[in-house]
Amino acid sequence: MEQFTHILLLFVSTVLVNNFILVRFLGICPFLGVSNQIGTAFSMGLATTFVMTLTGMASWLINTFILEKFGLQFLETVTFIIVIAALVQFVEMFIKKTSPVLYKALGIFLPLITTNCAILGLALIITSEAYSFIESVVFGFAAGVGFTLAIVLMAGLRENLEFADVPGVLKGVPITLLIAGIMALAFMGFSGLIAM
Amino acid sequence: MVNIYIASLITLGGLGVILAIGLGLAAKAFHIEKDERLELVENALPGVNCGACGYVGCAALAEAIVSGEAPVEGCPVGGSSTAQAIAEIMGTTATVGEREIAQVLCKGGLKETLTTVEYQGIQTCKAANMISGGTKSCQYGCLGLGDCAVACPFDAIIMNDNGLPEIDPDKCTGCGECVRACPRNIITMAPISKRTHIRCSSYDHGKVVRQICTVGCIGCGICSRVCPEDAIRMENNLAIIDYEKCTNCGLCAEKCPTGTIEYSEILIEAI
């Protein structure tokens with residue numbers, strides 16, 4: 001039971017308190033780049049969640065069974081990049097073969113995520129926090145959910161923004177960055193929620 | 001100490017080899033039968049990914065052509081030769097309209113117009129147009145900073161010594177990038193067989209045009225009256241030609257008092 005509570009707390013704290021985008025500031029590029037429409041933003045979030053969960057798993061396995069065993073922790077960045085890239089390639093092939101519908105939905109986003117800093121950040125945080133296997137998987141999944149939450153919220157705001165009377169100088173990118181800042185401030189409000 | 005080098009080499013190298021083999025096997029195992037025409041069509045396309053067809057790139061257009069979504073003559077850049085090659089692959093015939101190339105509707109270079117302002121800001125037409133309205137006296141004419149030449153994916157536009165863009169009809173494919181790049185909208189697409197072009201875009205009154213440019217259209221309307229096909233109309237002090245009606249007789253160019261209308265003797269060979 002205690003284990004379960006711990007996992008649940010980890011999940012909530014990763015989604016809200018330590019949100020990858022708005023608190024850790026990882027993955028800003030897709031956050032601003034693909035948040036024009038709720039539909040595509042959600043697809044992006046879905047693909048990212050998927051890859052992040054896999055990454056959580058893979059990085060823990062690699063770190064525990066290869067890097068720590070041979071005392072090669074200094075190679076973690078390089079190793080993670082190789083493994084994640086190969087993994088995503090593999091997943092892409094697999095999905096293309098088994099589910100063309102899902103492949104169409106994720107589309108270009110899947111290979112794009114490979115080189116996203118949020119993914120590498122996730123792998124590095126897992127090793128530095130010394131999470132267990134289950135914790136790593138939950139952490140990866142929760143990070144993806146947090147990412148999806150932030151990007152979909154942003155897309156919703158930006159869709160409404162299309163109809164708003166924005167002053168000329170702030171149109172487009174400036175108002176988007178302002179909104180991102182205010183959203184990050186709002187998420188700071190969660191910081192007292194769970195002490196972790 | 002040496003051990004660590006060897007260990008890292010073996011680990012990373014081993015990982016690389018294992019992943020490469022794994023991916024190679026996976027590619028075989030998850031191989032999907034693709035339409036073999038897809039690759040052929042893609043190879044037949046120019047491959048510059050200019051986007052003139054309205055798709056993301058040549059690969060996207062190839063996919064659309066194979067799936068029947070786009071016509072075989074969907075690539076405006078490749079012209080008839082490309083369309084025919086694709087039609088052959090797809091087993092149909094292509095009907096191609098005439099090739100269009102870009103025409104610059106301004107003749108007012110550094111010699112013909114006055115330079116009223118010295119501009120040292122960002123060296124693009126777009127910036128100059130926003131800040132000072134350009135350095136030349138004419139508010140409708142070419143700014144001369146070469147946004148079109150930069151935009152051209154085929155290197156068909158060169159800025160000449162007179163500060164005007166020159167279009168190489170052999171290289172121009174009619175993709176329209178320059179038309180979109182020009183902040184003054186003085187570039188237009190015209191069928192390649194048309195020889196008569198009214199090279200002015202100024203809506204100023206004749207008196208004003210005379211003061212600021214030696215080759216501008218003064219809106220006298222002689223060309224419009226002399227044209228046997230009624231292909232030229234006067235609009236806001238500017239003569240505008242209708243390329244569909246023009247029969248290349250060249251009368252208007254002969255009568256134009258300012259030499260704004262250009263009639264090229266050599267017919268550019270239709271490719």
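**Reading the two chains**

In chain A, 79% of the contacts with a separation of 6 or more are made by residues 24 or more positions apart, a contact being heavy atoms within 4.5 Å. This is a predicted model, in which local features need pLDDT of at least 70 and side-chain atom pairs count only at pLDDT 80 or more, while totals for chains, interfaces and linings use all residues. Residues are numbered from 1 along each chain as its sequence is written, chains are lettered from A and ligands numbered from 1 in the order in which they are written, and side-chain values use heavy atoms, with hydrogens and water left out.

Chain A has 9 helices and 0 strands, where helices (H or I, at least four residues) and strands (E, at least two) are DSSP runs numbered from the N terminus. Of its 196 residues, 45% count as buried; buried means under 20% relative accessible area, exposed over 50%, and partly exposed in between, with a 1.4 Å probe and protein chains only.

The largest nonpolar core holds 50 residues, of which A:F20, A:L22, A:F31 and A:F139 touch the most other members; such a core is a set of buried Ala, Val, Leu, Ile, Met, Phe, Trp, Tyr and Cys residues joined through side-chain atoms within 4.5 Å. Several helices of chain A each supply at least two residues of this core, among them helix 1 (2-17), helix 3 (38-67), helix 8 (133-161) and helix 9. Leaving aside neighbours within four places in sequence, A:F20 is in contact with residues that include A:F25, A:M52, A:L122 and A:F139. A second, separate core of 38 residues includes B:L61, B:C148, B:I167 and B:I186.

Where in chain A does A:F187 lie? A:F187 belongs to helix 9 (residues 173-188), and it counts as buried because its relative accessibility is 7%. Although A:F187 and A:V23 are 164 residues apart in sequence, their C-alpha atoms lie 7.1 Å apart in space, and A:V23 is also one of the residues in contact with A:F187, together with others including A:L16, A:L149 and A:L153.

A:F25, in the loop between helix 1 and helix 2 (28-33) of chain A, has a positive phi of about 60 degrees although it is not a glycine, and with a relative accessible area of 48% it is partly exposed. A:A130, in the loop between helix 7 and helix 8 of chain A, likewise is not a glycine and has a positive phi of about 55 degrees, but A:A130 is exposed, at a relative accessible area of 61%.

Turning to the partner, 14 residues of chain B are in contact with 16 residues of chain A. The two chains bury about 1400 Å² between them, 88% of it on carbon and sulfur atoms; buried area is the accessible area (1.4 Å probe) that two parts lose on being put together, summed over both. In chain B, the residues that lose the most area to chain A are B:L12, B:L23 and B:F30, together 38% of what that side buries.

Within chain B, the buried residues of helix 3 (residues 58-66) include B:C58, B:L61 and B:I65, and what covers the buried residues of this helix includes helix 2 (36-44) and helix 4 (79-90) of chain B. Just after helix 3 of chain B, B:G68 takes a positive phi of about 85 degrees.
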